[in-house]
Amino acid sequence: MSLTSILSAEDIENAVKDCQAPDSFCHKKFFGLCGLSSKTPQEVQNVFQILDEDNSGYLQESELKFFLQRFVPGARTLTETETKSFISAADDDSDGRIGAEGNLTDDVPVPCVSGD
Ligand SMILES: [Ca+2]
Ligand SMILES: [Ca+2]
């Protein structure tokens with residue numbers, strides 16, 4: 001299972017391009033652009049498992065830092081600010097990591113700072 005078997009390579013490229021500038025990453029926008037927001041819960045779960053590199057059942061800070069590179073190998077790493085706001089947006093139980101039960105694509109009311 002790879003990300004491109006779930007998401008279109010073109011959509012992934014567009015999503016990564018959109019947040020090339022440091023601190024411009026917004027997970028909600030990213031998931032929308034790459035098409036994940038419109039996937040089934042099972043497909044979202046598959047993506048989660050791909051991103052959970054150590055199979056811990058959680059996405060922790062060290063994994064999220066390289067989040068974009070899981071989609072496109074040449075992409076940048078997320079800044080500390082981006083990693084932290086990503087976690088706090090999806091970390092329902094505040095244990096500092098995103099559990100598989102946490103809905104990555106939930107419409108979390110987090111303001112996204114956008115350049116446009
Ligand atoms: Ca993990
Ligand atoms: Ca959590």
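Helices here are DSSP runs of H or I with at least four residues, strands are DSSP runs of E with at least two, and both are numbered from the N terminus. Welcome to a predicted model, in which local features need pLDDT of at least 70, side-chain atom pairs count only at pLDDT 80 or more, and totals for chains, interfaces and linings use all residues. Residues are numbered from 1 along each chain as its sequence is written, while chains are lettered from A and ligands numbered from 1 in the order in which they are written. With that settled, here is a tour of the protein chain.

**Overall layout**

- The protein chain has seven helices and two strands, and along the sequence they follow the pattern α-α-α-α-β-α-α-α-β.
- Of its 116 residues, 24% count as buried, a word that applies when 20 or more other C-beta atoms lie within 10 Å of a residue's own; a residue is exposed with 12 or fewer and partly exposed in between, with C-beta atoms placed from the backbone.
- Two residues are in contact if their C-beta atoms, placed from the backbone, lie within 7 Å. Among contacts in the protein chain with a separation of 6 or more, 50% join residues 24 or more positions apart.

**The core and helix α7**

- A nonpolar core is a set of buried Ala, Val, Leu, Ile, Met, Phe, Trp, Tyr and Cys residues joined through C-beta atoms within 7 Å.
- The largest such core has 23 residues, and Val16, Phe30, Cys34 and Phe86 are those with the most contacts inside it. At least two residues of this core come from each of α2 (9-18), α3, α4 (41-51), α6 (67-71) and α7. Helix α7 gives the most, with four residues.
- Which residues of helix α7 (residues 80-90) are buried? They are Glu82, Thr83, Ser85, Phe86, Ile87, Ala89 and Ala90.
- The cover over the buried residues of α7 includes α3 (27-33), α5 (61-64) and β2 (98-99).

**Two loop residues with positive phi**

- Asn55 is not a glycine, yet it has a positive phi of about 50°. Asn55 is found in the loop between α4 and β1 (58-59), and it is exposed because it has 7 other C-beta atoms within 10 Å.
- Ser94 is likewise not a glycine and has a positive phi of about 55°. Ser94 lies in the loop between α7 and β2, and it counts as exposed because 8 other C-beta atoms are within 10 Å.

**What UniProt records**

- An unreviewed UniProt entry places the feature "binding site" at Asp52, Asp54, Ser56, Tyr58 and Glu63. UniProt positions are given in the numbering used here, feature names are shortened, and annotations may be inferred rather than shown by experiment.
- Ser56 is found in the loop between α4 and β1. Why is Ser56 exposed? Ser56 has 12 other C-beta atoms within 10 Å.
- Tyr58 is found in strand β1 and is partly exposed, with 18 other C-beta atoms within 10 Å. Beyond its neighbours within four places in sequence, Tyr58 is in contact with Asp52, Arg97, Ile98 and Gly99.
- For "domain: EF-hand", UniProt lists residues 39-74, again from an unreviewed entry. The end C-alpha atoms of residues 39-74 lie 25 Å apart, and the span is 56% helix and 6% strand.
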